[in-house]
Amino acid sequence: MAQDIYVIGVDYGSDSVRSVLVNALSGEEVASSVFNYPRWSKGLYSDASANQFRQHPLDYIEGLEHTIKDCLQKAGAEVAANVKGISVDTTGSTPVAVDKTGTPLALLPGFEENPNAMFVLWKDHTGVQEAAEINAHATKFEPNYLKYVGGIYSSEWFWAKLLHVLREDEKVREACHSWVEHCDWVPFLLTGGSNVAQMKRGICSAGHKSLYAEEFGGLPANEFFATLDPLLDGFTSRLFTQTYTSDQAAGTLSPEWAERLGLSTEVVVGVGAFDAHMGAVGGQIEPYHLSKVMGTSTCDMLVAPMHEVQDTLVNGICGQVPGSVIPGMMGMEAGQSAFGDTYAWFKRLLLWPLQNLLAGSKVIDAATAEALVNEVSDKIIPELSQAADQIPLSEHNEFAIDWFNGRRTPDANQVLKGAISGLGLGSDAPRMFRALVEATCFGAKKIVDRFNEQGVPVKGLIGLGGVARKSPFIMQMMADVMNMPIRIHKSEQTCAIGAAMFAATAAGIYGKVEDAMAAMGQGFDLEYFPNPEKTELYAKRYRQYTELGDFLEEHSQSAKPGAVSDLPETGSKAQAGETEVDTQRQEELENTSANTTIR
């Protein structure tokens, strides 16, 4: 029997990083470790009321070292000696300003506490205005540079975030040499990169978020960006002209990181990608099966043979990129900006009285109060799910719209807000929770409908991640709303396992990632089937959901993310980094930040 060999998959999520140490021959998970970002957990550098979410690179670096060393300590020296590869996935688009050496500015003197010098997390929507300008500007150009990202550019993505930061912060603007995605920076860090021009950028991030496409010869022409805002004139020359699929090596561990981790400098580091893309591989995605990675948001991945879909453009999704999931196949991405985040918001709402009343209580001490809040917090969603499941389904139950963090797909629009409708004096927490769950399921159906309508049939559903594993109530409703079965993958760590599969491929243990999937995949152990008694009623409520959503979008003051003809022409005041948006328009944008509740 061949000697066991091992690989490490590193999965950077919104709140924490997880590493898994995996037997590359069998897929057995030998050890795992989780590290919660300490600065992020304290709420530093973010402002939810302004849709600003930033993360310090030290959270990432500390988490990387801690989790890998913890895994190796648990597994033992013999296993550590036989680790052959490491690959990384991250959230995205989560870019950062770097200097010529590729060092994030927040790691340099004078920028340590500057949020604009940190990673701009995927759900940061401070670039809404910039995204609107990109959408309007793109209509003036041929070719259509947005054609491969669904026709609408999002504030969650690379260029909108870059332009916003450059405009907002003069010091960062002067120090910023390049702009780098999290998933590209970590492999660069591990391999000892010191020249950002030599960083290997992944096709996953470049194609889905940076407008990179072979048809354009790489990134869009400089004229496109220079005429959008002079601040971007020449910036593409500081980015990249070549991209790589994640089955390729970014390099090997640098001596510094080999020593820090207790590994060999011969360990191969793979090219990075986004979490959902590697998660789809970890969850053993199949052609035309929508792989739904369900966490704080959802990322929905679909792969199809290139020759079958090469000439098909699906409008309103988050891009279609050859090789972004599986090399040699078209990778298509969609998703919802808030999924688990919607449930977490409702939980925080219910916890507020308990947290605040106990904090000032003279009856119990602070430690007891905190323990009580934590105990109740852990029970809220399971108890709500159980109670909501007992509520009879009716055409007239409470309604919700799931745009609590804007809408990602179909047709990205981050200025839209959530809504709750049909409330009465009999509306209680379980009824409202049921409406929120239903809304997230309806939002998921919108994505399936868009693929089907535009010539890419969805033939099956695969559920991945913690929500899929832990909430039968939500998954059963998903099957009922979709009127399709949904298979649940065994692993709760499909993103990290997917990264491990790519590590095994980059290290040469397998010739292609499909072989790694077959050898290392854990399979499926649950399947939810639609209940025929409920599907017809859900179809009626889905039509009502559509009508309510259309009404809200039509009456939103900033309803169309690409329709900014009412905006003044926006140039750059290069010295001040200001945009020429009139006060009235700014007030309109701010007014849309309040969630709409219809009673």
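Reader: How many nonpolar, polar and charged residues does the lining of the second largest cavity have?

Author: That lining has three nonpolar, one polar and four charged residues, where Ala, Val, Leu, Ile, Met, Phe, Trp, Tyr, Cys and Pro count as nonpolar, Asp, Glu, Lys and Arg as charged, and the others, Gly among them, as polar. This is a predicted model, in which local features need pLDDT of at least 70 and side-chain atom pairs count only at pLDDT 80 or more, while totals for chains, interfaces and linings use all residues. Residues are numbered from 1 along each chain as its sequence is written, and side-chain values use heavy atoms, with hydrogens and water left out.

Reader: What is the volume of the second largest cavity, and which residues line this cavity?

Author: A cavity is a set of points on a 1 Å grid over the protein atoms alone where a 1.4 Å probe fits but cannot get out, and its lining residues have an atom within 4 Å of a point; points are joined across faces, edges and corners, and the volume is the space filled by probe spheres set on them. Here the second largest cavity has a volume of about 40 Å³, and its lining consists of Gly 92, Glu 156, Trp 157, Lys 209, Cys 299, Cys 318, Glu 333 and Arg 408.

Reader: What lines the largest cavity?

Author: The largest cavity, with a volume of about 50 Å³, is lined by Ile 391, Leu 393, Asn 397, Glu 398, Arg 431, Arg 434, Ala 435, Glu 438 and Arg 541. Three of these lining residues are nonpolar, one is polar and five are charged. Helix 15 (residues 429-453) gives the most to this lining, with four residues; helices (H or I, at least four residues) and strands (E, at least two) are DSSP runs numbered from the N terminus.

Reader: At what angle do helix 13 and helix 15 pack?

Author: Helix 13 (residues 340-359) packs on helix 15 at an angle of about 165°, with the axes 10 Å apart, the axes being lines fitted to C-alpha atoms over the stretch in contact and the angles running from 0 to 180 degrees between N-to-C directions. Helix 13 is therefore roughly antiparallel to helix 15, a term for angles over 145 degrees.

How values were computed:
1 Å grid on protein atoms, 1.4 Å probe; cavity = no way out; pocket = protein on both sides within 12 Å on 5 of 7 lines; lining within 4 Å. Parallel < 35°, antiparallel > 145°, perpendicular 65-115°, else oblique.
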